[in-house]
Amino acid sequence: MKKVLVAGGAGFIGSHVVNELRKRKIEVRVLDNFVGGNQNLGYFDDGVEVIEGDTCRKEDCKKALEGCDTVFNLAAHAAEGQSVFIPVFNAQTNLIGSVTLLAETINAGIRDVVFTSSIATYGKQKKMPIKETAPLNVEDPYAITKKAFEDYLRVYHELGQIDPYIVRFFNVYGPRQRMDDPYRGVVPIFINKCLKKENPVIFGDGLQKRAFTYISDVVEPICGIVGNKKLVNNPINIGTEKVYTVKKLAEEIIKKMDPEMKIEFIPKRTSDVKIAYCDTGKAKKLLKYRAKVSLSDGLDKTIEWAKGLGAQEFRYFDYTEIPKLTHGAYTSKKI
Ligand SMILES: NC(=O)c1ccc[n+]([C@@H]2O[C@H](COP(=O)([O-])OP(=O)(O)OC[C@H]3O[C@@H](n4cnc5c(N)ncnc54)[C@H](O)[C@@H]3O)[C@@H](O)[C@H]2O)c1
């Protein structure tokens, strides 16, 4: 790996990937359309080349790929629940964009492709923790596109064109994750609520369990994955195995930020998966993976960063492609 294209490199995880690759003395080029903002460019050193462009546009991909030997594809509209209301936009960004970038990657003769897939591909499962061999019971358009693009990668690998590395992340959090997005990222939402002196809101009883993974615990392993022959075309779960309820998470954040705050419970979202966490045995074996950062330490670092930025106004998304489909949780603007 000498020169890497990071698509979506201006985003939360992407910008940390850029920093980690630079730490490893790798040349980096970023392709991003800045729909998520350009605020993270300030974290890059002068050696990072940034191209403003869209993965859906062949010419942008072509230009961005020139001279690269590896592609990290993180560009996405990563909003699972919201994707139900914007299936066309979701398919365009997450699937057409990824496929366009893939086609140009193959045309450029680049073999190594890292793709950030998601625990969302598993959908509802009976057995926990979820192993990579579990059936992919996708339940929303976001997960459909993640699964479909995994299949594209497999097919072009079988056609002898690429060596894909597919990582399935869980709930990643940490500095630089947008705090003004009310639709995803329960950690930054709760932190922002406390900064705004508003009570954190929980859908349902708060006993939903998640494996909240600190950013460095996903970035370090994916930056070291390329070249690991056993992981070519072999999807892998990456994240912590420590699981907390959403209620416990809210309590921790309140304790650390403002003990005056109280959790507000509102009716549950029908789409919420009750328990979702993964087995990381494969990552332990093949990547010597171990999540290192505890929830308490990760929250301390994230809260410190968030306080530096200050409270943010939530940006509600009024655009819907299916107005007749309503759902209290997404239309109430309660968060
Ligand atoms: N955050 C999580 O917990 C999590 C969990 C599982 C998987 N993932 C995946 O990891 C990746 C990064 O997620 P994130 O949380 O950093 O999201 P993010 O929204 O912070 O970053 C995505 C970036 O992609 C850019 N982008 C979107 N569409 C684009 C397009 N068509 N062309 C070019 N750039 C485009 C955005 O401007 C943004 O900078 C995504 O693929 C996401 O699906 C994230």
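Between domain 1 and domain 2 the count of salt bridges (a side-chain nitrogen of Lys or Arg within 4 Å of a carboxyl oxygen of Asp or Glu) is 0. This is a predicted model: local features need pLDDT of at least 70, side-chain atom pairs count only at pLDDT 80 or more, and totals for chains, interfaces and linings use all residues. Residues are numbered from 1 along each chain as its sequence is written, and side-chain values use heavy atoms, with hydrogens and water left out.

**Exercise 1. State how the chain is divided and how far apart the C-alpha centres of the domains lie.**

Step 1. Take the bounds, which come from an automatic or database domain assignment. Domain 1 covers 3-172 + 212-238, and domain 2 covers 174-211 + 241-276 + 293-331.

Step 2. The C-alpha centres of the two domains are 24 Å apart.

**Exercise 2. Describe the interface of domain 1 and domain 2 by contacts and buried area.**

Step 1. Count contacts (heavy atoms within 4.5 Å). Here 31 residues of domain 1 touch 34 residues of domain 2.

Step 2. Take the buried area: the accessible area (1.4 Å probe) that two parts lose on being put together, summed over both. The domains bury about 2,800 Å² between them, and 61% of it is on carbon and sulfur atoms.

Step 3. Find the leading residues. Phe85, Phe212 and Tyr214 supply 33% of the area that domain 1 buries against domain 2, more than any other three residues.

Step 4. The rule finds 13 residue pairs in polar contact across the interface, both at pLDDT 80 or more. A polar contact is a pair of N or O atoms within 3.5 Å; within protein, one must be able to donate a hydrogen and the other to accept it, and residues adjacent in sequence count only if both atoms are side-chain atoms.
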